[in-house]
Amino acid sequence: MADETSDVGHHEQMSVTLRYFNKNTNKPEEIFLGLQRLTSVDAESIFNNLSNKISEFGITWERVIAVCFDGAASMSGRINGVQVKVKSANVNTKYAHCYGHCLNLTLVDSLGNKNRAVFDFFGHVQPVYNFVEGSLSRSAVLKNIARQTNLRLKTRKVLSTTRWACRLEAVNTI
């Protein structure tokens with residue numbers, strides 16, 4: 001499994017995870033192989049970096065049964081995506097669209113945009129964060145109230161538009 005995104009320093013990073021069947025435990029397991037910095041996000045560069053990362057662990061494309069990416073054209077494209085380059089290295093390798101990304105797309109489409117109440121609710125979460133975190137004095141007032149009422153404050157989180165787990169954390173802090 002591979003996914004790329006930019007980090008806080010605006011550098012492209014690709015995370016690589018290996019899923020395999022462990023004969024000793026008789027179940028599938030996943031291992032995070034690491035992050036790979038990308039200097040280009042075209043399919044050829046991503047494939048070359050992915051190849052380098054898996055070869056560090058002695059894995060060849062001949063041993064890869066399937067790959068899992070998001071739906072970005074550079075990853076899943078049928079003409080020139082990374083999945084095509086993987087299949088050129090091993091014609092038997094299958095491609096699966098990442099289930100986490102599919103779930104997120106489903107949630108965004110079904111809840112986040114079409115259900116007005118949910119859309120409006122999440123529309124208020126980020127402004128609350130901005131209001132409190134945008135001022136040291138407002139943050140201090142909130143901490144003082146929490147201390148006086150014996151409440152434990154959670155660390156406030158930014159609302160993510162793409163990660164529903166982050167939305168849950170942002171809502172829980174409020």
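Reader: Which residue in the turn of the hairpin formed by strand 1 and strand 2 has a positive phi?
Author: In this predicted model, strand 1 covers residues 2-6 and strand 2 covers residues 12-22, and they pair in the antiparallel sense over five bridges. One of the facing pairs joins A2 to V16 in strand 2. The two strands form a hairpin with five residues between them, and the residue in the turn with a positive phi, of about 65°, is H10.

Reader: How many bridges link strand 2 and strand 3?
Author: Strand 2 and strand 3 also form a hairpin, here with four residues between them, and N26 in the turn has a positive phi of about 60°. Across this pairing, F21 stands opposite P28 in strand 3. Strand 3 spans residues 27-38, and its antiparallel pairing with strand 2 runs over 11 bridges.

Reader: Is L142 buried, partly exposed or exposed?
Author: L142 is found in helix 6, which covers residues 136-148. Leaving aside residues up to four places away in sequence, L142 touches V132, L153 and R156. Buried means under 20% relative accessible area and exposed means over 50%; because L142 has a relative accessible area of 29%, this residue is partly exposed.

Reader: What distance separates the centres of domain 1 and domain 2?
Author: The protein chain is divided into domain 1, residues 2-97, and domain 2, residues 102-172. For the domain centres, taken over C-alpha atoms, the separation is 33 Å.

Key
Residues are numbered from 1 along each chain as its sequence is written. This is a predicted model: local features need pLDDT of at least 70, side-chain atom pairs count only at pLDDT 80 or more; totals for chains, interfaces and linings use all residues. Side-chain values use heavy atoms; hydrogens and water are left out. Domain bounds come from an automatic or database domain assignment. Two strands pair if DSSP finds at least two bridges between them. Buried means under 20% relative accessible area, exposed over 50%, partly exposed in between (1.4 Å probe, protein chains only). Contact means heavy atoms within 4.5 Å.
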